[in-house]
Amino acid sequence: LRRPSRPDVGFLTFFFRQLKLNRTDRYREEFPFISPCGPELNYIRCDDRPIVFTHHLDTDTVMATRERKRYDASHGYLSYGGTGHRLVIPFQPSKLCMLPSTGRVYHPAPEKVGGIGLVKSSLAIEISKNFKYASGSEETALPTHFVWQGQSYLLDNELLKFVETNR
């Protein structure tokens, strides 16, 4: 029996660091993202967003493994690209956006990839219990607040404009 191969974290880190919107004149409609690799361009298309946040990491864990300037990340980080602590963005509870029609949860991502990322289903299920609703049923209403570490955050839902227009 063969063990499943592990992802090459070094390659994934490189690939996602290079990832950006396709602003070339080639295949822009079919492939809205590219990841340059030397003289080559990897053209990318995805069902939703190329950045998928897979884990929430606490600040101490990330800072212990990084030699980078300390970010204001009192709420921890969201990790993406299957790279653990190598690719992270500060978690901003008030910036979460959940679409009632799909149940998908979004969070800001680097601007060079469109400024929005998808929260992985398993992580979204875990954190969705912290959404609060002003009125209506949870299946049809947009959450208005998110409770994190004992504090309630008003959701600004600014990401709605990206989800509704940049599909």
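Asp48 and Arg49 are both buried, where buried means under 20% relative accessible area, exposed over 50% and partly exposed in between (1.4 Å probe, protein chains only). The model is predicted: local features need pLDDT of at least 70, side-chain atom pairs count only at pLDDT 80 or more, and totals for chains, interfaces and linings use all residues. Residues are numbered from 1 along each chain as its sequence is written, and side-chain values use heavy atoms, with hydrogens and water left out.

- A salt bridge is defined as a side-chain nitrogen of Lys or Arg within 4 Å of a carboxyl oxygen of Asp or Glu, and a search of the whole structure finds five of them.
- Side chains of opposite charge can pair when their charged atoms come close.
- Asp48 forms a salt bridge with Arg49, with 3.2 Å between the closest N and O atoms.
- Asp48 also meets Arg104 in a salt bridge, at 2.5 Å from N to O.
- This second pair links distant parts of the chain, 56 residues apart: Asp48 lies in the loop between β3 (40-44) and β4, and Arg104 in the loop between β7 (97-98) and β8 (105-108).
- Asp48 counts as buried because its relative accessibility is 11%, whereas Arg104, at 33%, counts as partly exposed.

**The Lys95–Asp156 salt bridge**

- Lys95 forms a salt bridge with Asp156, and the closest N and O atoms are 2.6 Å apart.
- The pair links distant parts of the chain, 61 residues apart, with Lys95 in the loop between β6 and β7 and Asp156 in the loop between β12 (151-154) and α4 (160-165).
- Asp156 counts as partly exposed because its relative accessibility is 30%.

- Helices (H or I, at least four residues) and strands (E, at least two) are DSSP runs, numbered from the N terminus; two strands pair if DSSP finds at least two bridges between them.
- In a regular strand the side chains alternate between the two faces of the sheet.
- Strand β5 (residues 77-80) is covered on both faces, with Tyr77 and Ser79 buried on one side and Leu78 and Tyr80 buried on the other.
- Strand β4 (residues 52-57) runs antiparallel to β5 and is joined to it by four bridges.
- Strand β6 (residues 88-90) pairs with β5 in the antiparallel sense over three bridges.
- Ser79 of β5 is the bridge partner of His55, and Ser79 also stands opposite Val88 in β6.
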